[in-house]
Every structure is written in C-alpha cells, then in structure tokens.
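Keep the viewer open as you read.

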Amino acid sequence: MGRFIARRLLAMIPLLFGISLVIFTVLRLIPGDPVVIMIGAENASPDEVARLRRVLGLDQGIHIQYVRFLGRLVRGDLGMSLGADEPVSRLIRERLPATVELTLAAMTVALVIAIPIGVISAIRKYSALDTASTVVALLGISMPNFWLGVMLIFLFALRLGWLPASGRSEAVSAGVVTLVTTGNPAILITAITHLILPAVTLGAALAAVVTRLTRSSMLEVIGQDFVRTARAKGLPGRRIVFHHSLRNALIPVITVIGLEFGALLGGAVITETIFAWPGIGRLAIRSIVQRDFPVVQGVVLMIAIIRICANLTVDVVYALIDPRIRYA
Amino acid sequence: MRSSIRASATLDVAGAAQGPAAHDSYWAMAWRRLRRHRVAMVGLAIIAGIILLAIFAPLVSPADPLTIDYAHPAAPPGVGGHLLGTDAVGRDLVARLIYGTRISLQVGVVAVGIAASLGTTVGLVAGYRGGIVDNLLMRTVDVFLAFPVIVLAIAIIAVLGPDLVNVMIAIGLVAWTTYARVVRGQVLVLREQDFVQAARAAGMSDARIIVRHILPNAVAPIIVLATVGMATAIIAEAALSFLGLGVQPPTPSWGGMLNEGRGFLRVAPHISTFPGLAIMVTVLGFNFLGDGLRDALDPRL
C-alpha cells in the first residue's frame, strides 16, 4: 500500500509539470503587454515599461521565463497579485478554507440524500418512491446549478426569510470550537444557516448523479449469487442490504464521487459568485474581470492540484474498502 | 465530423447514405430501436421544437427581442400583452427566450463540432499509432482532465475575451478529451481486427485505413457523446453568460437573462425563472435523446 501511494505520488510529477506548462502558455497568450496592463496605459512611459520588464524578468527568453516560473512554483511562490499588491499564495490561503468548507458541505448534503434514496429505490424497484426519485434525479442532472441557487435565494431568503441570502459568517469549525469551549451555540448556528443554501445549490447535481448510480449499482449487486445465498441461509433483510449489498454497491459510487469532486470545485466557482461566498472561486472570477492574471493562474493551478489529490485519495479508499483490489 | 452531428438528428437519412446493405441494416435497426425508446422520442420532440423555434424565430416571436416597452418594465406574466412578462428594462421575455434558442444551439453545435473533431483526431492517431505518440497524447488528455471544465473555460475566456465566438472556442477546447479517450479505446480494438489487417496487407495507406475502415466503425459512440455534449455545452454557455463572461448584452442568451434578473428577484422573480426553465427543458431533451441513442447504437457505452 505504501509503495502504491509512493508510485502514484511520483506519477503526479509529470502531470503537474504538464499542468504548469498549460497554465504558463495560456497566460503568455494574453493579448497586450502585461506590464502595460499592470501599471495602466496612461502611466506607461517607455522607460518605466522597460524597467518593469527587467524587474519582472519579462525581457528574458520564454524558456527562461518558464524555468524561473517553475523554480518559484516549487517553493510555493505564485507571484504577486497585480491589483491587490499581495502575494497570490496568501490570497489563496485566506480563501481556500471557505471553498473547502463549502465543497465538503455540498458533498455531505449530496451523499446523505442520495445514498439512502438510491438504496430504497433499488430495494423497492418500480415503487412510487422509485419513480419519483428517478424523475427528480433526471431534473436535477439537467438543472443548471446557478438557476437553482437563484431560485433558492428567492424562496428561502426573500420570500420566507428563513435563511440569509448570501455571505459567510464564521467558519463552521470555529462555531464548533466556541460551542465546545464556551457552550454558546450562536456562532455555529449562524455559520450553518449561511452554509445551507450554497451547499444545497452545489450538491444538488451530485445528489442526482449519486442517486441514479447507487440505485443501478445496488440492483446489480442484489441480483448476484452471494446475495441469493445470504437470503437462502435466512439472514435478516437488513443485514443483507447493509453488510452484503451496500458494501459492494458503493465501490463504483466512490469512483464517481472522486471524479465529480473536480466538477464540484468548478461548480463552487459559480456557487460562490451567487452567494458572495468568500472562497477561491469568487477570487478567480474577480481576478478575471480585473485582468489580474497571476491570481487566475494561482487559483487554476490550485484547483487542478486539489483535484489530482482527490483522485489519489479515491484510489486509496478504494483499496481500503475492497480487499479484492490489490496494488502490486 | 460535421456529418456525424447531422446524423444524430436524422439517423435514417445518414443510414441510407452509408452505402453497403450490411451497413444500412445497422442504422435501420438502430433507428427502429430508438423509435421504441419512449424517453428518447420525448427528447427528440423537444429538440425538434427548439430547432424550429430557432429557425423561425422572426415568424413566431410576438415581438422584437431588443425593443423596449417603456410603459411596462419588469411586467409580470400577462401584463401589457406580454405573455411571460418583460425583463427589467421592458423587453418581451417570450421574444428573448425564443431568440435565445439561437445562441444556445449555435454554441452547442459549434462547440461540440470543435470538441468532437479535435478529440476524434487525437483518439484516432493515438490509438492507431500506439507507442510514444499514444503515450504523449494521452498524457496531454490527463493534463486537460485535471482542470474542472468550467474553470478551464473561464481561464480561456480570460485570455480571449468574453464574446460569442470565444465562448464556443473555449467550450470546444475544454470538452474534447472525452472523445479522444473513447475513440482511442475503439481504435485499439478495431486495429487488430481481420478486415484492418487485410486492408494493410493489401497495401492501403494508414490515412486511408483510418478514414475508410476505422472511423466509420467508431462513429456510434461519437454520436452518443456529441448528443450528451450538446447538453453540457448549452449549460456551460449559460454558466459563462451568467457570470458575465459569455455572450454580452443586449444579445438574448438564457444565462445572461438569468443573470440580469438576479437584481430584481424580490420584485420580479419571473425574469430569472423562465430562462432557467428554458435551459432545463433543452438540456433534458438532449440528455433524453442521448440515453436513447446509447441504448440504440452502442449498448457497451
């Protein structure tokens, strides 16, 4: 297992290399001189432009620029934001926890809804609940999440006034800490009320996909010999469902969750914009509008890295839950 | 590649044009299977309706999509002779929704065309050549797959600038990897088959073998991917326009309309509601048809 993880980590290196190359190239394709963008066309005297080009190393050949970029990258230096005059790495570090919180909450919402419904749909195939869940899931897959977000704001924030329309108060983890140390639940409750609508918006599509997949995967497992054997030897139904069937049925589900994690991060970009959620997605959109390219580069790189790590985690979890999978 | 997209809309015609009798029966059988697929037929009906709306927009639209009715800004459905009401500045929503079909379909077809031709070419070359070429191309695919679709599209838009053509290019450049993977998988199997070996033994050039013998046999999964890809592309365009990075106002794009309505959610929620429904119905149509085509054309997918 240790060797398997080590090998997978090694395989990440060429991938990361490729990713950095793509991002670097895309950034060099931007029309217009980055220096002029940086200091503004009205301040761009030829002397000043030339001086900045030297300072930034833009007077060097493109291959040298790339090597320097890589060198800074491995030291965790993503450059300076053009607008905010802050290191990109700090901007990302400040906002990453909010995105991670939102993504994990969305995933929790999706799984808590989807797996039970998928299992019940499979056990009670063609029941009213099965049909209803099929229809809702198909709508969920076809529904744009930004529209769902806007509709949820309209209904639960503007009409009913139950939940805040946007923003983030404190981190949920900070709320938990306060609750444990002082016994005061107020911060946790506010944090969660802010989190509910964005998490549902982001998690809905995943919930739809996982419901469908759990259902079909369960149906396949239930039809197999060892389940019939379990039934034949008189095991209670609950034990057959949870111990024999679900355990096996979840394997493809976990693969898809891993693959969808990247889509979830992409969806977070949009969800954060709708709900004014202070994460890296909103940072990315803002930076694009302001043409702050080092920040765009940093965020895109960060998201790609998180996604690769998620895929690796899935492979490891895979081996843990299914002893038949061996990584020699 | 264009021909296969057309083929997805009119399978029977494409089948008849394919030539040999054995081929004919495959497409005819697929079409029969598809016709029995009730969900796919619903999807096909939705898509046909939307295509008709796009073509005949000037004839069926009750108003011009850009004309402002100053007397009725943000009118709710039914007021001032506007069936679904007007948007915040007083433009007829039905008209804007109808003209919006043109943007969605245009983006879908062009983006899928770019993605399918690029991905198919890469897949054909990688699968047929094998070895280091295959390795290099597939590692490139891995790199592109590491980026979430919408994030990479946003990055490309950041470089190209937000407008209709660039949205098509961005979505196309992001979506090609699936085609490359699937086509490569097909080619790996086809390459070893007897008829390909025979063609090679007969001295046929590689290019001719790929185009005449391999590509026609790999077309079924491409059609399925392209159909589902239309749904993805339409959502992606709407998302980009929603973020202000896509089609620019006042051009009626469903995503852009949804975004314009956000500021008036409290007083006029219909402005955002209807474009979202339009997107959902259209996407549902392509997903339905894609499901049916998958069953009808290629049970392995």
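Leaving aside its neighbours within four places in sequence, which residues is Ile150(B) in contact with? They are Gly266(A), Val269(A) and Ile270(A) from chain A, together with Ala236(B) and Ala239(B) from chain B. Two residues are in contact if their C-beta atoms, placed from the backbone, lie within 7 Å.

A note before going on: this is a predicted model, in which local features need pLDDT of at least 70 and side-chain atom pairs count only at pLDDT 80 or more, while totals for chains, interfaces and linings use all residues. Residues are numbered from 1 along each chain as its sequence is written, and chains are lettered from A and ligands numbered from 1 in the order in which they are written.

Back to Ile150(B), which lies in helix α8 (residues 149-160) of chain B. Helices here are DSSP runs of H or I with at least four residues, strands are E runs of at least two, and both are numbered from the N terminus. Ile150(B) counts as buried because 25 other C-beta atoms lie within 10 Å; the cut-off for buried is 20 or more, exposed means 12 or fewer, and partly exposed is in between, with C-beta atoms placed from the backbone. Glu237(B) is 87 residues from Ile150(B) in sequence, yet their C-alpha atoms are 9.6 Å apart.

Now the chain pairing. In total, 36 residues of chain A are in contact with 34 residues of chain B. The chain A side divides into 30 nonpolar, five polar and one charged. In this count, Ala, Val, Leu, Ile, Met, Phe, Trp, Tyr, Cys and Pro are nonpolar, Asp, Glu, Lys and Arg are charged, and the others, Gly among them, are polar. Val300(A) touches Ile23(A) as well as Phe147(B), Val151(B) and Ala155(B), not counting residues up to four places away in sequence.

Some values for chain A:

| Item | Value for chain A |
|---|---|
| Box of C-alpha atoms along the principal axes | roughly 85 × 55 × 45 Å |
| Buried residues | 35% of the 328 residues |

Finally, look at helix α11 (residues 206-214) of chain B, whose buried residues are Ile209(B), Ile210(B) and Ile214(B). They sit on the same side of α11(B) because they cover an arc of only 100° around the axis, taken from the directions from the helix axis to the C-beta atoms. These buried residues pack against α6 (93-129), α9 (164-191) and α10 (194-201) of chain B. The face turned away from the buried side carries the exposed residues Ala207(B), Arg208(B), Val211(B) and Arg212(B).
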